[in-house]
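Please read it beside the sequence and the coordinates.

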Amino acid sequence: MPVTTSSQSFTSFANGWLIRHRHFVEQLACASSSDETNRITLQDQQFLVTQFLSHCLQYYQAKSSAVSVAGDNVFTFFSPPWFTSYARLILWVGDFKPSLVFKLTDSSVDDLTRRQKDRILSLRAETRRKERDVMRDFALVQQSVADPPVMAAARGVGARGMVDGEESDLEEAMELKNGMAAAMNEADELRCATVGRVVEILTPSQAVKVLRTIGELHLRLRELVGLESE
């Protein structure tokens with residue numbers, strides 16, 4: 001019986017998640033384009049925002065669980081097959097760069113108050129500092145990738161048993177894989193926190209517009225997969 005890796009299991013999860021994601025984006029599009037006579041209530045907008053954020057959090061929780069599985073090849077998650085080849089070129093520690101949220105906010109909302117602009121500007125600066133911290137930690141981990149024996153051992157952890165003389169390399173390989181997983185989890189936490197904190201600054205109607213843009217971007221990057229395989 002073929003062995004199913006956690007990356008394969010996550011790919012299966014991501015396919016189902018994407019179906020639900022498309023449904024959420026349709027709801028966000030409807031809510032953000034409603035005219036005055038068909039506009040949904042403030043409470044309905046807030047409920048939709050909360051549900052969509054929960055949906056996104058589910059993705060990263062499932063991803064974190066998959067990455068943490070002992071013996072799995074964590075490197076797959078840094079160039080995930082469930083993203084398009086174009087998306088993989090612009091990935092930042094395995095996913096979107098947190099500060100991208102601010103560009104999407106600027107392009108989606110044109111009625112920010114002065115106070116909102118000031119708060120977003122402050123959050124942007126804080127996020128960029130944290131991005132640099134993540135990249136500093138990630139760079140330290142990447143230094144190990146330059147060691148061929150360690151890298152080869154890392155890719156083979158869990159795939160075969162140890163032989164004499166390999167114990168040291170395998171111990172370093174496990175440290176490398178644990179460091180890679182920790183770096184990705186740190187980056188994912190910053191991604192989720194950034195989206196959540198931006199939404200806190202916005203009104204429900206503004207948040208609906210921003211989340212629609214974020215959701216549509218994710219769909220475009222994913223839906224190209226089918227086009228590439230045709």
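The model is predicted. A patch of positive charge lies on the surface, and a nonpolar patch formed by Tyr86, Leu89 and Ile90 is also found on the surface. Elsewhere, Ser108, in helix 4, makes a polar contact with Thr213 through its side chain.

**Positive patch**

- Five residues gather in this patch of positive charge: Lys97, Lys103, Arg128, Arg129 and Arg132.
- Helix 5, which spans residues 114-142, gives the most to the patch, contributing three residues.
- Lys97 sits in the loop that runs between helix 3 (85-89) and helix 4 (100-108).
- The relative accessible area of Lys97 is 38%, so Lys97 counts as partly exposed and passes the cut-off of over 30% that patch residues must meet.

**Nonpolar patch**

- Together, Tyr86, Leu89 and Ile90 have about 360 Å² of accessible area.
- Leu89, one of the residues of this patch, belongs to helix 3.
- Leu89 has a relative accessibility of 72% and therefore counts as exposed, the cut-off for that class being over 50%.

**Loop between helix 3 and helix 4**

- Val93 is placed in the loop between helix 3 and helix 4, and Lys97 is in that loop as well.
- The backbone of Val93 has a phi near 50°, which is a positive value in a residue other than glycine.
- With a relative accessible area of 6%, Val93 is buried, whereas Lys97 is partly exposed.

- Ser108 lies in helix 4 and has a relative accessible area of 19%.
- Because buried means under 20% relative accessible area, Ser108 is classed as buried.
- The side chains of Ser108 and Thr213 are joined by a polar contact of 2.6 Å.

- Leu28 is located in helix 1, which covers residues 6-33.
- Leu28 is buried, its relative accessible area being 0%.
- Leu28 and Val208 are 180 residues apart in sequence, yet their C-alpha atoms are 5.9 Å apart in space.

Technical notes
Residues numbered from 1 in each chain as written. Predicted model: local features only at pLDDT ≥ 70, side-chain atom pairs only at ≥ 80, totals over all residues. Heavy atoms only, no water. Patch = residues over 30% accessible without salt bridge, like charges linked within 9 Å, V, L, I, M, F, W, Y side chains within 5 Å. Areas by Shrake-Rupley, 256 points an atom, 1.4 Å probe, with all protein chains shown as cover. Salt bridge = Lys/Arg side-chain N within 4 Å of Asp/Glu carboxyl O. Lys, Arg positive; Asp, Glu negative; His and termini not counted. Charge placed at Lys NZ, Arg CZ, Asp CG, Glu CD. Helix = DSSP H or I, 4+ residues; strand = E, 2+ residues; numbered from the N terminus. Buried < 20%, exposed > 50% of the residue type's maximum accessible area, 1.4 Å probe, protein only. Polar contact = N/O pair within 3.5 Å; in protein donor to acceptor, adjacent residues only side chain to side chain.
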